Amino acid sequence: MVKQLLNDKPTRLFVIFASFFVANALIAECIGGKLFSLERLLGLPVHTFTLFGESGLSYTLTAGVLLWPLEFVMTDIVNEFYGPVAVRRISYTAVALISYAFLMFFMAMNVPADSWWTGSGSAEGVPDMQKAFVGIFGQGMWIILGSLSAFLISQIVDVTVFHRIKKRTGEKHVWLRATGSTVVSQFVDSFIVLFIAFKVGKDWSWQRVLAICMVNYSYKFVVAIALTPLIYLLENRIIRYLGPETAARMKASAMGKDEMPVTDVVPHN
């Protein structure tokens, strides 16, 4: 039974997508505590600017944004071939496992540290390993709540927008439904995480929340556009892997249809 399931190409592909989706989300959450300068990463001078009355802004982003765009690419691919039920299932799974991971982090931070280990990093410039460990894994509860809420809600938004566009365009304009759903859901994601973590959690002003939201979103918007060719590449490879007939049936099922002509699904050039 297990061998038969794993030899089934659509099932095997879904397991790969779901595994990558969950792992990518968890890694993004874990590395999200680090901030980096986008300008310095690109070798550009850092320029500050003012937005919504907030001065001194620059493209300082969390390391998690390096991975989140791939999450939305995966969402669109799974949505295309497996439908909204599959996207919701792996999204709920990701949220549950991220919550479990943070619970384990909390337990690990609070077990008594060995006195030898606490000072073992002094030679490398880390005088207190326990404080360093808590500093890396101990994100604030509001940030965790905001991040998980934003992730789940933005996934639902992505699914909804994707299917509304596809109902109007059919199999045409892959870029429109993939990129369109991503740029909308990324805005929702950027706003919700900042609203919960910093407006509710730390009583930041609306101006600061909106300003930082737009800075983060502008980066995500550009990346979403830049990753559009990747959507076409992945879809073409998947259709070739599954075969046009199987891919057509899967796409039809994803849209809630019983059948679709094989000629409606061909690799995009």
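A salt bridge here is a side-chain nitrogen of Lys or Arg within 4 Å of a carboxyl oxygen of Asp or Glu. By that rule, the count comes to seven salt bridges, and Glu 80 has one with Lys 251, with the closest N and O atoms 2.9 Å apart. Keep in mind that this is a predicted model, where local features need pLDDT of at least 70, side-chain atom pairs count only at pLDDT 80 or more, and totals for chains, interfaces and linings use all residues. Residues are numbered from 1 along each chain as its sequence is written, and side-chain values use heavy atoms, with hydrogens and water left out.

**The salt-bridge network**

- Glu 80, Lys 166, Arg 177, Glu 235 and Lys 251 are linked up in a network of salt bridges.
- Glu 80 sits in helix α4 and Lys 251 in helix α12 (residues 244–254), so to speak of sequence, they are 171 residues apart and link distant parts of the chain; helices are DSSP runs of H or I with at least four residues, strands are E runs of at least two, and both are numbered from the N terminus.
- Glu 80 counts as buried because its relative accessible area is 2%, where buried means under 20%, exposed over 50% and partly exposed in between (1.4 Å probe, protein chains only).
- Lys 251 is buried too, at 1% relative accessibility.
- Lys 166 meets Glu 80 in a salt bridge at 3.1 Å, N to O, and this pair ties helix α8 (residues 141–169) to helix α4 (residues 68–82) across 86 residues.
- Glu 235 pairs with Lys 251, with 2.2 Å between the closest N and O atoms; that joins helix α11 to helix α12, 16 residues apart.
- Glu 235 is buried, with a relative accessible area of 1%.

**Helix packing**

- The axes of α9 (residues 174–200) and α11 (residues 228–242) come within 10 Å and cross at roughly 125 degrees; axes are lines fitted to C-alpha atoms, for helices over the stretch in contact, with angles from 0 to 180 degrees between N-to-C directions.
- That makes α9 and α11 oblique to each other, as angles under 35 degrees count as roughly parallel, over 145 as roughly antiparallel, 65 to 115 as roughly perpendicular and the rest as oblique.

**A nonpolar surface patch**

- Phe 52, Phe 187, Trp 206, Leu 210 and Met 214 form a nonpolar patch with about 430 Å² of accessible area together (Shrake-Rupley method, 1.4 Å probe, only the protein chains shown counting as cover for residues).
- Patch residues have over 30% relative accessible area and no salt bridge, with nonpolar side chains (Val, Leu, Ile, Met, Phe, Trp, Tyr) joined within 5 Å and like charges within 9 Å.
- Helix α10 (residues 206–226) gives the largest share, three residues.
- Phe 52 lies in the loop between β2 (49–51) and β3 (54–57) and is partly exposed at 45%.
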